[in-house]
Amino acid sequence: MKHHPLLVANWKMYPSLADSLQLAQGIKKAIEDMHHVEVVLCPPTLIVPLVQEIVANHPLARLRLGVQNIHQLEDGPYTGEVSAGMAKHFASYAIVGHSERVKWFNETPNESNQKIHMILKNNLIPIICVGESNRNKNASAEAVKKLQALLKGVSRQDLEKIVVAYEPVWAISKGDSYHHDVATGDYVQNVAHAIRGVVGMHARVLYGGSTNADNLAEFLHQDDIDGALVGAASVNLKEFIKMCEIAAAIR
Ligand code: PGA
């Protein structure tokens with residue numbers, strides 16, 4: 001691992017407003033003393049500005065904010081949507097192509113690709129999610145093919161800034177990161193290595209799918225894994241702080 005480990009907390013639609021503020025305060029306080037980990041909090045969109053106030057109070061370079069989604073266009077008559085230009089005032093990162101957006105909101109590879117261009121244009125860093133639908137021997141080929149479609153037209157220079165989250169769809173939890181089919185370190189490394197071949201050495205490659213404090217180290221020890229995209233476990237303050245400590249201790 002070349003960078004400090006990066007943990008992205010994808011809060012999805014889990015926490016209430018009160019829970020979100022408590023999480024943000026607790027995480028900020030905990031990582032003040034951890035110098036070897038970077039954390040990106042991705043709260044539900046409405047809550048992002050409030051969490052930003054907490055993060056901006058004594059800002060830490062290793063604690064940033066992200067949004068979970070943006071619309072692919074600049075502006076227009078799109079009820080309920082938020083643009084990258086709006087998000088950039090509050091966040092530094094934007095998740096794109098998450099399998100839940102694909103499954104529940106029919107996001108297409110072409111839309112994800114447009115979103116990536118819009119995110120980069122607004123100087124946000126995309127966290128690009130890819131992964132195979134079912135556990136299988138050709139997982140690398142499937143993930144690489146999806147990634148190549150998503151990265152169409154992205155310059156070599158921009159490739160250096162991006163984050164790719166390898167998330168095997170079958171390993172993503174339904175809300176409890178301790179009761180699920182989890183990938184092994186070897187399996188993940190194999191696909192992450194293929195992804196590395198597409199994005200190069202500078203981009204960061206994360207693993208995501210039912211990560212928790214018990215299995216995180218196994219993934220972070222893989223050569224091509226630079227961190228994790230954490231869902232369910234990231235809204236459990238104690239668990240997530242433990243994960244930050246584990247990541248900070250990895251060299
Ligand atoms: P999970 O979610 O950790 O709850 O499996 C990961 C993700 O979907 O980003």
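Visitor: What makes the lining of the second largest pocket nonpolar, polar or charged, by class?
Guide: In this predicted model, that lining has 7 nonpolar, 7 polar and 4 charged residues. Val and Cys count as nonpolar, Lys as charged, and Gly as polar.

Visitor: How much space lies in the second largest pocket, and which residues are closest to its centre?
Guide: The space is about 280 Å³. Of the 18 lining residues, Gly97, Ser99, Val102, Cys129 and Lys146 are the closest to the centre. Helix H4 gives the largest share of this lining, 3 residues.

Visitor: What is known of the largest pocket, by volume and by residues closest to its centre?
Guide: About 880 Å³ of space lies in the largest pocket. It is lined by 25 residues, and Met13, Gln68, Glu100, Arg101 and Phe105 are the closest to its centre. Helix H4 (residues 99–105) provides the largest share here, 6 residues. By class, the lining has 10 nonpolar, 9 polar and 6 charged residues.

Visitor: Why is another space called a cavity?
Guide: A cavity is a set of points where a 1.4 Å probe fits but cannot get out, whereas a pocket is an open set. The structure holds 1 cavity of 30 Å³ or more. The largest cavity has a volume of about 80 Å³, so it passes that cut-off and is the one counted.

Visitor: Which residues lie nearest the centre of the largest cavity?
Guide: Lys12, Gly209, Ser210, Leu229 and Gly231 do, out of 15 lining residues. The lining divides into 4 nonpolar, 9 polar and 2 charged.

Notes:
Residues numbered from 1 in each chain as written. Predicted model: local features only at pLDDT ≥ 70, side-chain atom pairs only at ≥ 80, totals over all residues. Heavy atoms only, no water. 1 Å grid on protein atoms, 1.4 Å probe; cavity = no way out; pocket = protein on both sides within 12 Å on 5 of 7 lines; lining within 4 Å. Points joined across faces, edges and corners; volume = space filled by probe spheres on them. Helix = DSSP H or I, 4+ residues; strand = E, 2+ residues; numbered from the N terminus.
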